[in-house]
Structures are given as C-alpha cells and as structure tokens.
Amino acid sequence: MPPVERMLEFVPPPGLDGPERRKGVVIIGAGPVGLAAAIELAGLGVPSVVLDLRESIAVGSRAICWSKRSIEIFDRLGIGDRAVEKGIIWKVGRTYHGHRELFSFDLLPEEGHKRPAFINLQQYYVEDYLLDRANGIDGIDLRFANRVVSLEQFPDFVKLGIETPEGNYDLEAKWLIACDGVRSTIRAQLGLEFEGEVFEDRFLISDIEMNADFPSERRFWFEPTFHGGQSALLHKQPDNIYRIDLQLGPDADPARERLPENVMPRISKVVDGRDYRLEWVSVYTFQCRRLERFVHGRVIFAGDSAHVVSPFGARGGNGGLQDVDSLCWRLAAILGGRARPSVLEDYNSERVHGADENISNSSRTTRFMSPRDGWERVLRDQVLSLASAAEYARPWVNSGRLSVPSVYQISGPDSLQLPNVSCPGSVAPDAPVGDEWLIDRLGRVPCVVGVGCEPPAIPGTRALNVQINDFVRERYLGSERDAVYLVRPDQVIAARWTGCSGRQIRAAISNMWGMN
Ligand SMILES: Cc1cc2nc3c(=O)[nH]c(=O)nc-3n(C[C@H](O)[C@H](O)[C@H](O)COP(=O)(O)OP(=O)(O)OC[C@H]3O[C@@H](n4cnc5c(N)ncnc54)[C@H](O)[C@@H]3O)c2cc1C
C-alpha cells in the first residue's frame, strides 16, 4: 500500500512577535528542489529558512524516474541508500509500434558505477525522505503553512511578505532562492514570463495498484492495439504501483476523462483485464518553457520556477536537482567571502544551458508523439512504418531521451589526449577505487585528484590519490600514464592536466571562484 498523506506542522514563526534578524538565505518551496537546496547548503555550512504554503505532502504522485546523477546527489544529501532501497532499479527501455517491438535501449551498459541508471520512486517518497533529513539538521528552519505573498528587492537584500494561519509577518534575506514551482509567486512578483512552447495534446496520467509480474523496464507504445491511434507509457513503481500515461489528443475533455467510469475501461485494456485499484489520476497538458535568466539581483530561480518540461525524458525534477548542484557551492562561497557575487553568472549560464538541453529533448519527443497535422504528421507516420521494417530508421523514432547531466562549457585547462568522458564540464565519472567509490571520495571542497600520481597539496582543497584500475584507466587516463584533475564541489570537472604545477592548479581554482 502507498503511504498516507504526511501532515506538515505549522509552528508560529518568531516574526509574528517582532522583527527577525536578516537571514543569509531564504528558500521558497519545500518541494524536492527547495529541500535539496536547504540540505546541500547546510552541508556547506550555510543555514537557511525554508517557507512553504503546504500543510501536507499529498500522495498524488508527479515525478517517478530519478536519474543516476540525481541518486548521486541524493547520496550527498544523505538519502541515496533509502531511495535506492525503496525504488525500482531499471535501465532498459522498450519502444513498440502497435504490438511489435521496434527497439530497446540500455541506459547504463557498463559496470563500475555505484549507482544505477535510474530508479522509479514516487515523488512523495523523495519529499518524505528529504524532509526527514532536513528535520534532523539544526541549520534548516522549516516553516510550513507560510505563504509568501510579496517581494521587495533592495541592492543587498530582499524583503518578503508572508501569510500564516496566525497572522502576517515580514522576513529579510541577503539571498532568496525561489523554488516555488511552475506557478511561482516570485516570478509573478518580478513580472517575469516563461518563454517557449505549450502543447495542446492532453494526457491521462494514472497510478494503479496491481499484482503483476511486469519487468522493471520502461515500455512505450506508439499506436498500441489497446489505445488506438495514440501513445502509451508504462512504468513500474514500488508498492505494486504502476504509472500509465495515455495520450488523449487535444480535444479530450479533462473533467470527463478523469471520471473513473471513463478511466477504468482504458486502463483495463492496457493491463489486459487484470484486477487493479486506481490510486490516482489526472489529465495534463504539457509545456517546455523557461525564464530568460535564472538570476535577478538577489533572487535566484531553481527548479520548476525557472524551467518546465513535459515528463517524457524525466528531465523536470532531475534538471531541478542539477540546478541545486550548480548553485549551492557558489552561493556558500559568496556568503563565506571566497567568491564574488558575479560567480552567480556562471550558475545562470550553466543552468540556462542545461534547461535548453532538457527543453530541446523533451520538446522533440512531445512533438514526435503529438505531431501537428500536415507534413509533421506525415513524416512521423512514415518514420514509424519504416522503423517497423528497417533497422536504420529506428534511431529517428523518439519515445523519450532520458535525463543525463549536462556537460557545461568550461574554459578551464584541458589535456586533449585524456578521455572525452572526463572532459572539463562533465560530472566526474564514477569508478571503484579500493573498496569505495570515487564519487563518494570527492568531498565538499575543490578536490585535486592525482590519477596514478601524488596530487599537489593546495590549501582549501582536498587531495586525493587514485590508484589505477581498468575502470579508472578507461575513464580518466586513456593511453596516458598519469593525470591531475581539479573537481568542483558539485563533482563537475573544472580542469585537467597530464603534467602540472601547483601554480596552474591555483589559477584554475581562482577561475572557478570567479576571482580572476
Ligand atoms: C505527471 C508528471 C510526471 C513527472 N515525472 C517526472 C519524472 O519522472 N522525473 C522528473 O525528474 N520529473 C518529473 N516531473 C517533474 C517534477 O515533478 C517537477 O520538476 C518537480 O516537482 C519540481 O520540483 P520543484 O521543487 O521545483 O517544484 P514543486 O515540486 O512544484 O515545489 C514547489 C513548492 O513551492 C511551494 N510554493 C509555491 N508557491 C509558494 C508560495 N507563494 N509560498 C510558499 N510556498 C510556495 C509549493 O507548495 C511546493 O511545495 C513530472 C511532473 C509531472 C506533472
């Protein structure tokens, strides 16, 4: 059985009795992105106040697919083991046309990684685990039933107006992280608009409880026999829950389609007459849009408040966690006097780039599923029929390109003989090192990794000497004998050399902090 709704306690905030001292960081939104930001900042020594209007975590699920990168971030946040133990591990996806399998893909065909390609886990579990974790951290001040209703910006702080069940109060902060979701109040307060594409097609998304032995795979159908002319997606989740997405077309009436008497016959066909219980159902339309910029003075947008995508590719929540990754170490460094505020421009450019990748992938998939009438539909239908007969046409079939971390454009020193997979801008590839994993040994400060050599000791960094094995050689050395890597606190590679001096590394670190 899925869990019941978790109630979130309202505790009267000190601001109701008189002005509070200005905070370093206030986060609006205790969704996955806001909670992750609070925990990550606390791990970097930065306390925060988290405000959320909610009074409970609803069990109506949204995200279910969490990528390898997100699980690595969960590890740093302290919920990785819990998430993987509960989640359904998968890496294989199958795409069908009618009843015929067109192709399958393996998202992590190689060994030597701590975490799997994906887990399926309902968003309410992720929020529940993050909440448990945040509750146990002194530096996080969680305030539920606190609705932010106004924002004033000043050159070096912001002032928020907040409504609670026991009255209103104001709160000031040096920095505001707006993680208040797709209908962001803060976006509206600043008069900012999303730019991008809104799709007209409607999708019925439901979670059902069913005893079945479907494998732990993603299954996607174009024009399945059980749902004529449309598309369908099936995912397995914990607690014997299955997610079924059914395309309905642009003219479907959402209120009518949501009625159990209309939903159940559709689902019965998908599950071939098996018994099931309907847990949750909704009808969605999707959009692929973003803000032009994510940093506006003292206000920083992250997660769905900054960008939103259709779920085909699982890039919404996963992309939001990558925002947290790119932002928090920079913000902590600014607050600690180690970096200038201008370093937030790097957050802006990295995550706008990440959002564009996610938007472009999700839009192409959605467009392939819902082609416009005319040449787009003709082309799509031709690709599908060709792919049934000819293998060469199968890569053109787009049933979802699943979330992978962005490779940022970093101008740090590079040694081109080293493998592409560990180039500057990419997340440090994992590998077994002794009886540990490389990704777990990188720490929360810049890490100077000597691969097959002693790394120079540099104040303010962690020095890590990695012994060579086959995985390390393939991912970090190629045909070179040794190398030195500079890894940022978000585990992204900043620079690498096949022979370097402490001076070169110090220069790359200054560059990373925006001090050059
Ligand atoms: C059907 C569906 C399936 C999806 N599947 C996936 C998937 O498989 N994988 C994936 O990665 N993503 C998926 N997503 C996307 C994912 O759910 C979102 O990207 C994710 O929830 C974004 O998290 P967030 O913290 O940015 O925003 P939210 O989760 O929306 O949280 C925002 C929070 O801000 C609070 N808030 C809002 N306004 C205020 C205010 N004025 N004052 C105080 N608090 C406020 C809200 O109460 C809420 O708690 C899916 C989405 C949908 C709809």
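Let's start with Glu345, which sits in helix α9 (residues 344-369). In this predicted model, Glu345 has 14 C-beta neighbours inside 10 Å, so it counts as partly exposed; to be called buried, it would need 20 or more. Pick out Asp275 as well and look at the gap: Glu345 and Asp275 are 70 residues apart in sequence, and their C-alpha atoms are 53 Å apart in space.

The axes of α8 and α9 come within 9 Å and cross at roughly 170 degrees. Any angle over 145 degrees counts as roughly antiparallel, and so α8 and α9 are roughly antiparallel to each other. On the α8 side, the contact is made by Gly319, Gln322, Asp323, Ser326, Leu327 and Arg330. Facing them from α9 are Leu344, Asp346, Tyr347, Glu350, Arg351, Gly354, Ala355 and Asn358. What kinds of residues make up this contact of α8 with α9 by class? Four are nonpolar, five are polar and five are charged.

Now follow α8 to its other partner, α1. Here the packing angle is about 30 degrees, with the axes of α1 and α8 9 Å apart. An angle under 35 degrees counts as roughly parallel, and α1 and α8 are therefore roughly parallel to each other. Their crossing is right-handed. From α1 the contact uses Pro32, Val33, Ala36, Ala37, Glu40 and Leu41, while α8 brings Gly317, Gly320, Leu321, Asp323, Val324, Cys328, Leu331 and Ala332. By class, this contact of α1 with α8 has 10 nonpolar, two polar and two charged residues. If you've been keeping track of names, Asp323 of α8 turned up in the contact with α9 and is here again in the contact with α1.

Helix α1 also packs against helix α4 (residues 123-135), with axes that come within 10 Å and cross at roughly 25 degrees. That makes α1 roughly parallel to α4, and the crossing of the pair is left-handed. The α1 residues in this contact are Pro32, Leu35, Ala36, Ala38 and Ile39. Those from α4 are Gln123, Val126, Glu127, Leu130, Leu131, Arg133 and Ala134. Sorted by class, the contact of α1 with α4 has nine nonpolar, one polar and two charged residues.

Which elements each supply at least two residues of the shell around the ligand? They are α1 (32-43), β3 (48-52), β11 (147-153) and α8 (316-335), and α8 gives the most, with four residues. There are 32 residues around the ligand, and Gly29, Gly31, Gly181, Gly303 and Gly316 come nearest. The shell as a whole divides into 15 nonpolar, 11 polar and six charged residues.

Most residues other than glycine have a negative phi. Phi of Ala314, though, is near 55 degrees, a positive value. Is Ala314 buried or exposed? It is buried, because 25 other C-beta atoms lie within 10 Å. Asn240 is another residue with a positive phi, about 60 degrees, although it is not a glycine. Asn240 is found in the loop between β17 (231-237) and β18 (241-249), and with 16 C-beta neighbours inside 10 Å it counts as partly exposed.

Two more stops to go. Arg266 lies in helix α7 (residues 260-270) and is partly exposed, with 17 other C-beta atoms within 10 Å. Leaving aside residues up to four places away in sequence, Arg266 touches Leu204, His227 and Leu246. Of these, Leu204 is 62 residues from Arg266 in sequence, yet 9.9 Å from it in space, C-alpha to C-alpha.

Finally, find Pro215, in the loop between β15 (202-209) and β16 (218-222). With 9 C-beta neighbours inside 10 Å, Pro215 counts as exposed, the cut-off for that being 12 or fewer. Pro215 and Trp90 are 125 residues apart in sequence, and their C-alpha atoms are 9.1 Å apart in space.

Definitions and conventions: Residues numbered from 1 in each chain as written. Predicted model: local features only at pLDDT ≥ 70, side-chain atom pairs only at ≥ 80, totals over all residues. Near = placed C-beta within 6 Å. Nonpolar A, V, L, I, M, F, W, Y, C, P; charged D, E, K, R; others polar. Contact = placed C-beta atoms within 7 Å. Axes fitted to C-alpha atoms, helices over the stretch in contact; angles between N-to-C directions. Parallel < 35°, antiparallel > 145°, perpendicular 65-115°, else oblique. Left-handed = near helix turned anticlockwise from the far one by under 90°.
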